[in-house]
Number of protein chains: 2
Amino acid sequence: MARMSTRAAGRVTIAHVAAEAGVSRATVSRVMNGLASVDPAIGERVRAAAAKLNYSPNTVARSLAIGRTQTVAIVVPDLANPMFQETLRGLSRAAARDGYRVLVADSVENPAEEVILAREARRRCDALVLVAPRMDAEQLEALLPELAPAVLVNRASAVPGIPVLSVDYASGIRSIVDHLQDLGHRRIAYVAGPAASHGDKARREGLSRPLHPVEGAEVIEIPCGAMFEDGHAAAQAVLASGATAAVCFNDLVAMGLLGALHEEGVDVPGRLSVTGFDDIPFARYTSPALTTASVPQTHLGEQAWVRLWALLEGREPEHDVDVKPSLVVRASTGRVRADA
Amino acid sequence: MARMSTRAAGRVTIAHVAAEAGVSRATVSRVMNGLASVDPAIGERVRAAAAKLNYSPNTVARSLAIGRTQTVAIVVPDLANPMFQETLRGLSRAAARDGYRVLVADSVENPAEEVILAREARRRCDALVLVAPRMDAEQLEALLPELAPAVLVNRASAVPGIPVLSVDYASGIRSIVDHLQDLGHRRIAYVAGPAASHGDKARREGLSRPLHPVEGAEVIEIPCGAMFEDGHAAAQAVLASGATAAVCFNDLVAMGLLGALHEEGVDVPGRLSVTGFDDIPFARYTSPALTTASVPQTHLGEQAWVRLWALLEGREPEHDVDVKPSLVVRASTGRVRADA
DNA sequence: CACAGCATAGCAACCGGTTACGCATGCCCG
DNA sequence: CGGGCATGCGTAACCGGTTGCTATGCTGTG
């Protein structure tokens with residue numbers, strides 16, 4: 001049985017239009033692309049023929065001929081994660097403004113798959129945005145050159161020609177810790193992320209080098225993860241740690257923790273202050289609203305496009321970006337209690 | 001200056017491999033596609049040549065030749081909305097399992113743009129998933145035939161050959177109202193969605209035909225919207241209405257409302273019960289956890305793929321789906337207070 | 001031993017556009 | 001009035017694969 005396909009049975013091609021208008025295919029092509037040096041009268045005849053036949057050019061054929069697909073790919077580790085969704089959205093909207101479309105590939109948190117996907121996605125498109133916080137650094141360096149033009153989001157690398165958009169997690173964490181210490185907190189729990197992740201490593205670094213060292217300050221580390229459930233499950237350990245504040249790996253973990261604390265009847269921030277990281281859209285609407293460090297992920301997606309666009313146009317891309325997250329104080333943090 | 005492009009300077013083509021292996025391009029093609037009737041020895045030589053030259057076939061050229069792109073498009077009104085993100089994720093993962101990739105197009109809530117986008121996206125791909133809750137019904141019917149193969153998500157239509165995956169919003173709302181009435185609520189506020197949307201119309205229908213009519217029951221309608229801010233802004237109106245329960249258009253509105261109520265110090269569910277709709281991943285982690293009607297959007301995305309896949313393979317797609325949302329009772333609803 | 005029949009690889013057309021090049025036409029100007 | 005040049009369109013090659021048809025060589029059989 002015949003497969004349904006792009007090549008639908010009676011699909012009208014440029015040859016049909018040419019015949020209808022009584023000109024050559026070349027002329028039709030020139031008219032469709034608005035190229036100069038075609039007689040206005042003929043141009044009109046061609047447009048009329050195209051309209052009559054309801055012609056629209058075959059994108060694939062065009063791509064093959066001109067060597068560009070007008071499409072870029074983005075590879076993310078998990079489409080369920082709000083951060084990557086934001087990046088995708090920023091990229092998609094920015095690219096759309098320049099007439100480009102976006103192909104998504106979700107590696108479902110599988111680093112091995114990620115390499116395959118990146119290669120394959122890149123081959124289908126003109127350029128690639130790679131978001132791979134878990135990928136082994138060495139493997140990444142080896143992979144990057146063959147992906148160009150490409151940009152790397154959310155982690156550092158030093159491959160020439162590959163723009164990097166990174167987030168200064170350490171500085172973000174420091175501003176959070178600073179804020180908590182200002183409120184009098186001394187014993188702080190770090191509800192940690194996935195051990196293998198670049199982001200977790202960077203956050204630890206921030207914890208170990210406080211901005212304004214304070215007498216008697218200490219950080220207790222609590223192994224956790226990156227999702228709601230992880231935060232929810234970590235509640236007991238956090239409470240048992242004797243900390244007066246919990247600095248969570250990200251907003252999802254913080255929300256999971258908040259949920260568990262609410263179920264336990266623990267007062268936030270009275271008994272325990274809680275902070276997140278990322279400032280996902282939902283962070284503003286938790287109860288209490290979440291204090292967090294804002295990472296402008298949508299903006300990173302847009303900036304990724306700006307750089308890809310420069311590379312595609314043969315221009316020099318703008319300088320790399322290293323965003324400093326900004327502290328957003330909401331209701332989930334408060335002054336440490338006198339009796340604590 | 002030469003543009004960077006898919007056609008990189010020294011890109012190795014099938015002709016190079018053929019030359020290297022001392023065979024024709026046709027033979028290389030057959031080997032690469034694992035077609036029968038090629039001498040094992042030659043097959044090995046070709047594979048060796050391909051490996052040596054690091055050859056990988058040009059996807060665009062292949063697509064042109066075989067008339068398939070192995071890509072499907074999805075058009076959504078707003079990539080920031082968790083519901084559409086879920087659909088995208090379900091689609092993307094299911095399609096990936098069958099070797100297909102997904103192109104996304106975000107109409108940014110612009111119905112006019114939506115039509116253009118859908119046409120264009122469809123032309124680049126083998127098939128289309130259309131999520132267009134706001135699009136005018138007449139326009140939709142006119143558009144659908146030329147999009148085939150395609151499936152329509154989240155709304156009804158009767159164009160033959162276009163599978164539909166719809167959600168029975170009315171039934172979902174009825175189960176929520178039922179639940180509230182069981183808890184003793186009589187005066188219920190409906191915090192409404194966008195007037196133009198298909199979903200809002202369907203929900204109203206559910207409200208007007210309760211499952212188990214109850215003496216003295218009444219519904220007060222409060223105009224609102226579909227986002228956090230809308231729900232947040234509607235808090236005063238809800239409180240002023242004298243209702244003991246608020247049925248929100250969706251989870252986002254409910255979360256906005258919960259946030260405002262928390263700020264006002266209003267006890268939920270003591271003073272006011274609140275329900276959402278959709279059961280987005282965050283609904284479980286609000287405080288209090290949100291009672292809502294669960295719409296399996298990821299599943300819809302997967303089912304969309306199953307049907308597209310059938311159409312692409314020339315098979316008869318499975319019957320249409322009309323999901324009945326299931327009530328998920330959490331902590332944001334409770335028995336009406338005696339003194340209310 | 002001759003010939004039918006089959007397995008295998010190459011030729012060439014094709015997918016549907018784009019574009020370098022060349023030819024024909026007409027205009028300007030010497 | 002003729003040469004030069006600009007303009008405008010068609011011819012054909014090309015993008016990089018796939019595939020129907022055919023030619024060749026080998027095997028098996030009568």
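Mentor: Helices (H or I, at least four residues) and strands (E, at least two) are DSSP runs, numbered from the N terminus. This is a predicted model, in which local features need pLDDT of at least 70, side-chain atom pairs count only at pLDDT 80 or more, and totals for chains, interfaces and linings use all residues. Residues are numbered from 1 along each chain as its sequence is written, and side-chain values use heavy atoms, without hydrogens and water.

Trainee: How many helices and strands are there in chain A?

Mentor: Chain A has 13 helices and 12 strands. The radius of gyration, taken over C-alpha atoms, is set against a globule rule of 2.2 Å times the number of residues to the power 0.38. For the 340 residues of chain A that rule gives 20 Å, and the radius of gyration is 26 Å, well over it, so the chain is more spread out than a compact globule. Along the principal axes, its C-alpha atoms fill a box of roughly 90 × 40 × 40 Å.

Trainee: What does chain A average in pLDDT?

Mentor: pLDDT is the predictor's confidence in each residue, from 0 to 100. Chain A averages 91, and 96% of the residues score at least 70. Over residues 1-7 of chain A the pLDDT is below 50.

Trainee: Is A:T298 buried or exposed?

Mentor: Buried means under 20% relative accessible area, exposed over 50%, and partly exposed in between (1.4 Å probe, protein chains only). A:T298 has a relative accessible area of 18%, so A:T298 is buried. A:T298 lies in helix α13, residues 297-312 of chain A.

Trainee: Which residues is A:T298 in contact with, leaving aside neighbours within four places in sequence?

Mentor: Contact means heavy atoms within 4.5 Å. With those neighbours set aside, A:T298 is in contact with A:E86, A:R89 and A:G90.

Key: Chains are lettered from A and ligands numbered from 1 in the order in which they are written.
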